Amino acid sequence: MTNELTTGPGGLAGRGHLLRLGAPRDTAAVRHLVTFLVASVVTVLGTRAYLAATGYPQIGGGGLHLAHVLWGGLLMALAMMLLLSYVGPVPRSLGAVLGGVGFGLFIDEVGKFVTSDNDYFYAPTAAIIYLVTVLLVLVVEGLHGRRAHHPAEYLAVAADRLAAGLAGGFTPAAREEARALAAKGAGEPGAALVAGLVDAVPDDDADVPDLVRAAVDRVVRWLDALVDRAWAAWLVICALLVVCAAEAMVGVRVVRGLVPGVPEWTGAAILAAVGASVVLLAVGAVVGRRDHLRGAVWVRRAVLVSLLFTQLLVFRAVRWTASFGLVLDVLVFMGLEVALREERMEQTRSA
């Protein structure tokens, strides 16, 4: 038995180092990490808007000021305590929200910690926060977007869901999810045992409401319905052209020296990046007439250039005003991801 588990087709020998160390990836990790990042960004924007609207009030007195970085640290600590205290998937959505809000309150004050005079209004703050967010997105992509999940990871996640079921029972939806995960781990050591336990867990109609997952599912359904529209492709192209036009206007203003404190090369770089996005968008529009999947991939590249490079420079130039273009870019990117998923599924069914 030991030799079979170690060297057999479903054994341990062919697994990666992290799996061998007992660190499988959660199949729901991307949702939780995106929740964390979205909560962070919304918190930063909301905090800035609130402080601007209220005249930047200070909590404290007598020479004391309770900066919101402290509340951010407390929320991140609370999220860690929550995630480290309970077994299973139930607390993760709440932990992601609390941690994201805490991180947003923390990173919002970065200007105070990179300047000698503790300047909250340090001009490059928006660009620094955006850069940190982009780097975190790239980390998420590196961890979860490059490699498909190993069957053992699906099985481990099924066992993780099973932990919640053993404690409080399964709703029909939770049982089906656990069964699907266990089925993807079929052939791995212990797969039959996990599948049997999933079926043995008693029914229970009570479940902890996962508002984050419900919101994500609703957005995905909305995007699914949207991308099926005949005019969806033109809507995407028009939205990207609007973003590119706005970015180009910023670039021109910087090149002409109309944005104080921002070097002219920044404007030139913005214009070059916008040009690259427009070229990629044009290629996507042409290729998409013959092959929707390849066309969407090219358009996705145009959005990535904007998100990973152009927007960073635009945030450096016009700070928080760039948020409007960022929102459009993100919405288009989400729509493209849904469209790409549908196209790949359609091609798989056709094959």
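1. Is Arg25 buried or exposed? In this predicted model, Arg25 counts as buried because its relative accessibility is 9%, and the cut-off for that class is under 20%. The residue is located in the loop that joins α2 (17–20) to α3 (29–54).

2. The side chain of Arg25 has polar partners in the backbone. One is the oxygen of Ala148, reached at 3.0 Å; another is the backbone oxygen of Arg147, which lies 3.2 Å from a polar atom of that side chain. Apart from neighbours within four places in sequence, the residues in contact with Arg25 are Leu143, His144, Arg147, Ala148, His149, His150, Glu153 and Val157.

3. The unreviewed UniProt entry annotates "transmembrane region" over residues 33–53, 65–87, 94–114, 120–140, 231–255, 267–286, 298–315 and 321–340. Two of these spans may be set against the model. Residues 33–53 are 100% helix and 0% strand, with 30 Å between the end C-alpha atoms. Residues 298–315 are likewise 100% helix and 0% strand, and their end C-alpha atoms are 24 Å apart.

4. Leu66 falls within the annotated span 65–87, but in the model its place is in the loop between α3 and α4 (68–85). Leu66 counts as partly exposed because its relative accessibility is 38%, a value between the limits of 20% and 50%.

5. Leu66 also contributes to a nonpolar surface patch, together with Ile59, Leu70, Trp71 and Leu74. The area of this patch is about 490 Å².

Note on methods
Residues are numbered from 1 along each chain as its sequence is written. This is a predicted model: local features need pLDDT of at least 70, side-chain atom pairs count only at pLDDT 80 or more; totals for chains, interfaces and linings use all residues. Side-chain values use heavy atoms; hydrogens and water are left out. UniProt positions are given in the numbering used here, feature names are shortened, and annotations may be inferred rather than shown by experiment. Helices (H or I, at least four residues) and strands (E, at least two) are DSSP runs, numbered from the N terminus. Buried means under 20% relative accessible area, exposed over 50%, partly exposed in between (1.4 Å probe, protein chains only). A polar contact is a pair of N or O atoms within 3.5 Å; within protein, one must be able to donate a hydrogen and the other to accept it, and residues adjacent in sequence count only if both atoms are side-chain atoms. Contact means heavy atoms within 4.5 Å. Patches are made of residues with over 30% relative accessible area and no salt bridge: like charges are joined within 9 Å, nonpolar side chains (Val, Leu, Ile, Met, Phe, Trp, Tyr) within 5 Å. Accessible areas come from the Shrake-Rupley method with a 1.4 Å probe; for residues, only the protein chains shown count as cover. A salt bridge is a side-chain nitrogen of Lys or Arg within 4 Å of a carboxyl oxygen of Asp or Glu.
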